[in-house]
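Please keep the sequence and the structure in view while reading.

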Amino acid sequence: MRLLVIEDNRDILANVADYLAAQGHIVDCAENGPGGLHLALTEAYDLIVLDIGLPGMDGYAVCARLRDAGSSIPIIMLTARDALDDRLHGLKSGADDYLVKPFALSELAARIDAVLRRSGGHSRQLRVSDLVLDLGTLQAERSGQALKLNPTCLKILELLMRKSPATVRREALETALWGDAPPSSDSLRSHMHLLRQIVDKPFPQPLVHTMHGIGYRLAKVDHGA
Ligand code: CA
């Protein structure tokens, strides 16, 4: 699994990262809130271990920003605080679990396994904001309305939702859809146009975004930000 650990205490960060790497995970690290948020929004991780007291932006804010952007990535919060209010605040800002410092590394590993198992149980469904794709029935819906998508658009939607809120490169989409032989250079563009007509046009807030010269991303974007 690919994990992101956001923690400003370098000793704890090194211990946690080394331990998780030794367990076979790929681990990226960040030492402050904005840096961690940037990585979480631009890279694809399976889970985030997130400290609450962080320079720049605290863990609650990082978590809330990720959820606002439509990310459903599992998050385990770490904190020295064990007051009920902090725990509730953490869960309310969108964390999946909560671990109070000091903790045993084996306890963290067990929580990570449990949260990943739980989210794996839910991963029959992908969700970005009010858009839901059921991977069992391949039915997509937005705000409770069923969306009728052809197989190519469905596949594009699944790829974008899996990586959301990160950008998926145009070449990666083309390879996933057509291997080494895309039908024409405009095929992806016309499928994206069709996808937007169905997924975005009937709704007030667009979720599909063009990253010019790079590719596409699917996310709820706060235009004030
Ligand atoms: Ca801290």
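Predicted model: local features only at pLDDT ≥ 70, side-chain atom pairs only at ≥ 80, totals over all residues.

Asp-51 and Lys-101 are both buried, and their side chains meet in a salt bridge with an N to O distance of 3.1 Å. The pair links distant parts of the chain, with Asp-51 in strand S3 (residues 47-51) and Lys-101 in the loop between strand S5 (97-100) and helix H5 (105-122), 50 residues apart.

**Other salt bridges**

- The structure holds 13 salt bridges, and one of them is formed by the side chains of Asp-97 and Arg-111, at 3.2 Å from N to O.
- Because Asp-97 lies in strand S5 and Arg-111 in helix H5, this pair ties together parts that are 14 residues apart in sequence.
- Asp-97 has a relative accessible area of 14%, under the 20% limit, and therefore counts as buried, whereas Arg-111, at 23% relative accessibility, counts as partly exposed.
- The side chains of Asp-186 and Arg-189 also meet in a salt bridge, here with an N to O distance of 3.4 Å.
- Asp-186 is partly exposed at 44% relative accessibility, while Arg-189, with a relative accessible area of 57%, lies over the 50% limit and so is exposed.

**Nonpolar cores**

- In soluble globular proteins, nonpolar side chains tend to be buried together.
- The largest nonpolar core has 26 residues, of which Leu-149, Leu-157, Leu-160, Leu-195 and Leu-218 touch the most other members.
- Two or more residues of this core are given by each of strand S6 (125-128), strand S7 (131-134), helix H6 (151-163), helix H7 (170-178), helix H8 (187-199) and strand S12 (215-218), and H6 supplies the largest share, 6 residues.
- When neighbours within four places in sequence are left aside, Leu-157 is in contact with Leu-131, Ala-140, Leu-149, Leu-195, Val-199 and Leu-218.

Key:
Residues numbered from 1 in each chain as written. Heavy atoms only, no water. Core = buried A, V, L, I, M, F, W, Y, C linked by side-chain atoms within 4.5 Å. Buried < 20%, exposed > 50% of the residue type's maximum accessible area, 1.4 Å probe, protein only. Helix = DSSP H or I, 4+ residues; strand = E, 2+ residues; numbered from the N terminus. Contact = heavy atoms within 4.5 Å. Salt bridge = Lys/Arg side-chain N within 4 Å of Asp/Glu carboxyl O.
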